[in-house]
Amino acid sequence: MTESRKHSGPASGFSRRAFLKGSGAVAAVTALHGQQAVAEQNQEDTTLVRGATTISLNVNGKSHQVKVEPRTTLLEVLRHQLDLTGAKPVSMDGSSGASTVWVAGKTVMASTTLALTCRDKEIRTVESLGGANPDAVPLAFVKHDAEQCGFCTPGFVVAVRAFLDKNPQATEEQIRQGLNGNICRCGTYANIIQAAIDLVKGGGNG
Ligand code: FES
């Protein structure tokens, strides 16, 4: 190795090693925070149930009898028992946002939510935004070509709908921050953001 190559580190003093160390710490803190939130979310009324049990879940306005074990996630029930395959099993730790659904009016990751904790709560999935009269959000996604492989799309559609319901006059910056829990591996962010901006401008948020 030549002398110049040996000493060719970044002039700013920001080394690759420091970057990897820093990003690792951030990932660890994020993971810990996420695990704690999931544990708190799931501790509710699962402790007294052993083995499989039949429960009733209210999904998109319909009541369903489903068989679950304490470890069964809401995502498994939606996809394998109710054939509601919109929410996607992209990341079982919920970090992709692809399994975003509503439970009791709040967005949660179905992949990290135990089905038992959803008893007596209203569950809404992306399928509730489709049908004969689709919601404005999926229509805006189509208009702005806001998908490629589509795996992230249902989670983003729910996230956009939930965010705009609470922030109908959001700025572009607020939209970007509001959607930062969802990841698109194909990189269609620009089109997704544009769809959301269009909805704010066009008032299609009701
Ligand atoms: S469209 Fe492929 S992950 Fe978003």
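# Notebook: salt bridges, sheet and rings

I began with Arg176 and Glu172, whose side chains form a salt bridge with N and O 2.9 Å apart. The model I am reading is a predicted one. I looked up where the two residues sit: they are four residues apart in helix H6 (residues 172–178), so about one helical turn separates them. For Arg176 I noted a relative accessible area of 41%, which means partly exposed. Glu172 is also partly exposed, with 38%.

**Other salt bridges**

How many salt bridges does a search of the whole structure find? I noted five.

One of them joins Lys143 to Asp198, with the closest N and O atoms 2.7 Å apart. This pair links distant parts of the chain, 55 residues apart: Lys143 belongs to helix H4 (residues 136–143) and Asp198 to helix H7 (residues 189–202). I checked the accessibility of both ends. Lys143 has 61% relative accessibility and therefore counts as exposed.

I then turned to helix H5. The side chains of Asp165 and Arg161 meet in a salt bridge, at 3.2 Å from N to O. The two residues are four apart in H5 (residues 153–166), which means a separation of about one helical turn. Is Arg161 buried or exposed? Arg161 is buried, at 2% relative accessible area. The cut-off for buried is under 20%, so the value for Arg161 falls on that side.

Next I traced the strands. There is an open sheet of five strands with mixed pairing, in the order S2-S1-S5-S3-S4. S2 and strand S4 (106–109) are the edge strands; each has a single partner strand, so one side of each has no neighbour in the sheet. From one strand to the next, the twist averages 40°.

I looked at what packs on this sheet. Helix H3 (residues 74–81) touches S1, S2, strand S3 (100–103) and S5, and its direction makes about 105° with that of S2. H5 also packs on the sheet, where it touches S3 and S4. The angle between the directions of H5 and S3 is about 45°.

In what sense do S1 and S2 pair? Strand S1 (residues 53–59) and strand S2 (residues 62–68) are antiparallel and share seven bridges. Within this pair I located Leu57, which stands opposite His64 in S2. The two strands form a hairpin with two residues between them. In the turn I noted Asn60, which has a positive phi of about 50°.

On its other pairing, S1 runs parallel to strand S5 (residues 122–124), and two bridges join them. I looked up the partners: Asn58 is bridged to Glu122 in S5, and Val59 stands opposite Ile123 in S5. As background I wrote down that side chains in a regular strand alternate between the two faces of the sheet.

**Rings**

How many aromatic pairs does a search of the whole structure find? I noted one. The pair is Phe156 and Tyr189, with ring centres 6.2 Å apart and planes at 75°, so the arrangement is edge-to-face. Phe156 is in helix H5 and Tyr189 in helix H7, 33 residues apart, and the pair links distant parts of the chain. I compared the burial of the two residues. Phe156 is buried, with a relative accessible area of 2%, whereas Tyr189 is partly exposed at 34%.

I also checked Trp102. The charged end of Arg124 sits over the ring of Trp102, 4.2 Å from the ring centre.

**A loop residue**

My last entry is on Pro134. Where does Pro134 lie? Pro134 is in the loop between S5 and H4. I recorded a relative accessible area of 35%, so Pro134 is partly exposed. Leaving aside residues up to four places away in sequence, Pro134 touches Leu129 and Leu139.

Technical notes: Residues are numbered from 1 along each chain as its sequence is written. This is a predicted model: local features need pLDDT of at least 70, side-chain atom pairs count only at pLDDT 80 or more; totals for chains, interfaces and linings use all residues. Side-chain values use heavy atoms; hydrogens and water are left out. A salt bridge is a side-chain nitrogen of Lys or Arg within 4 Å of a carboxyl oxygen of Asp or Glu. Buried means under 20% relative accessible area, exposed over 50%, partly exposed in between (1.4 Å probe, protein chains only). Two strands pair if DSSP finds at least two bridges between them. Rings of Phe, Tyr and Trp (its six-membered ring) pair if their centres lie within 6.5 Å; planes under 30 degrees apart count as stacked, over 60 as edge-to-face and the rest as tilted. A charge sits over a ring if NZ of Lys or CZ of Arg is within 6 Å of the ring centre and within 35 degrees of the ring normal. Contact means heavy atoms within 4.5 Å. Axes are lines fitted to C-alpha atoms, for helices over the stretch in contact, and angles run from 0 to 180 degrees between N-to-C directions.
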